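Here are some notes for anyone opening this one for the first time. Have the viewer ready and follow along.

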Amino acid sequence: MANIASARKRIRQTAKRTARNTARKSRMRTFIKKVETAIESGDQAAAREALRVAQPEIQRAASKGVAHHNTIARKISRLSARIKALATA
C-alpha cells in the first residue's frame with residue numbers, strides 16, 4: 001500500500017477512472033448487441049433505428065479514450081453494411 005499522499009490519491013483516481021471506463025465500455029457493448037439483435041431479426045427499419053440510437057454512444061467511447069477511434073469506425077461501418085445488406089437479402 002502506498003504511504004505517500006500523492007500516491008494514495010493516484011490510487012483513488014485510478015479506481016474511479018477504471019470504474020467509469022468499465023461502465024462506458026459495457027454501455028457501448030450493450031448498444032452494439034441491440035443493433036446486432038435487430039439485424040438478426042431481419043427488420044431493416046428496426047436495425048437502422050437501433051444503429052441511429054447507438055452511434056452517438058459508440059462514438060462517445062472513442063472520444064473519451066475507452067476505445068480507439070479506428071476500432072469504433074470499423075464497428076460502425078460493419079454494422080451499417082450489415083443493415084444495408086438486409087435490403088437485398
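1. First, the ground rules. This is a predicted model, in which local features need pLDDT of at least 70 and side-chain atom pairs count only at pLDDT 80 or more, while totals for chains, interfaces and linings use all residues. Residues are numbered from 1 along each chain as its sequence is written, and side-chain values use heavy atoms, with hydrogens and water left out.

2. What is it built from? The protein has 3 helices and 0 strands, and from the N terminus on the elements run α-α-α. Helices (H or I, at least four residues) and strands (E, at least two) are DSSP runs, numbered from the N terminus.

3. Next, the overall dimensions. Along the principal axes, the C-alpha atoms of the protein fill a box of roughly 65 × 20 × 15 Å. The radius of gyration is 18 Å, whereas a compact globule of 89 residues would have one near 12 Å. That radius is taken over C-alpha atoms, and the globule rule is 2.2 Å times the number of residues to the power 0.38.

4. Buried means under 20% relative accessible area, exposed over 50%, and partly exposed in between (1.4 Å probe, protein chains only). Among contacts with a separation of 6 or more, 58% join residues 24 or more positions apart; contact means heavy atoms within 4.5 Å.

5. Now the helix pairs. Two packed helices are described by the angle between their axes and the distance between the axes. Here the axes are lines fitted to C-alpha atoms, for helices over the stretch in contact, and angles run from 0 to 180 degrees between N-to-C directions.

6. Start with H1 (residues 5-41) and H2 (residues 44-63), whose axes come within 9 Å and cross at roughly 160°. That makes H1 roughly antiparallel to H2. For the wording, angles under 35 degrees count as roughly parallel, over 145 as roughly antiparallel, 65 to 115 as roughly perpendicular and the rest as oblique. H1 passes H2 in a left-handed crossing, the term for a near helix turned anticlockwise from the far one by less than a right angle (right-handed if clockwise). On the H1 side, look for residues including Phe31, Val35 and Ala38, which belong to a contact with H2 residues including Ala50, Leu51 and Ala54. By class, the residues of this H1 and H2 contact divide into 14 nonpolar, no polar and 3 charged. Ala, Val, Leu, Ile, Met, Phe, Trp, Tyr, Cys and Pro count as nonpolar, Asp, Glu, Lys and Arg as charged, and the others, Gly among them, as polar.

7. How do H1 and H3 pack? The axes of H1 and H3 (residues 69-88) are 10 Å apart, at an angle of about 15°. H1 and H3 are therefore roughly parallel to each other, and H1 passes H3 in a left-handed crossing. Met28, Ile32, Val35, Glu36 and Ile39 of H1 make the contact with Ile72, Lys75, Leu79, Arg82, Ile83 and Leu86 of H3. The class count for H1 with H3 is 8 nonpolar, no polar and 3 charged residues.

8. That leaves H2 and H3, with axes that come within 10 Å and cross at roughly 175°. This makes H2 roughly antiparallel to H3. Contributors from H2 include Gln44, Gln55 and Gln59, while those from H3 include His69, Ser80 and Lys84. The residues of the H2 and H3 contact divide into 10 nonpolar, 5 polar and 2 charged.

9. Is Ile83 buried or exposed? Ile83 lies in H3 and is buried, with a relative accessible area of 4%. Leaving aside neighbours within four places in sequence, Ile83 is in contact with Val35, Ile39, Gln44, Ala47, Arg48 and Leu51.

10. Have a look at the loop between H2 and H3, where Val66 is found. Val66 is buried, with a relative accessible area of 14%. Beyond neighbours within four places in sequence, Val66 is in contact with Asn21, Arg24, Lys25 and Ala61. Val66 and Arg20 are 46 residues apart along the chain, and their C-alpha atoms are separated by 9.5 Å.

11. Lastly, Arg8 has its place in H1 and is partly exposed, at a relative accessible area of 39%. Setting aside neighbours within four places in sequence, Arg8 is in contact with Ala2 and Asn3.
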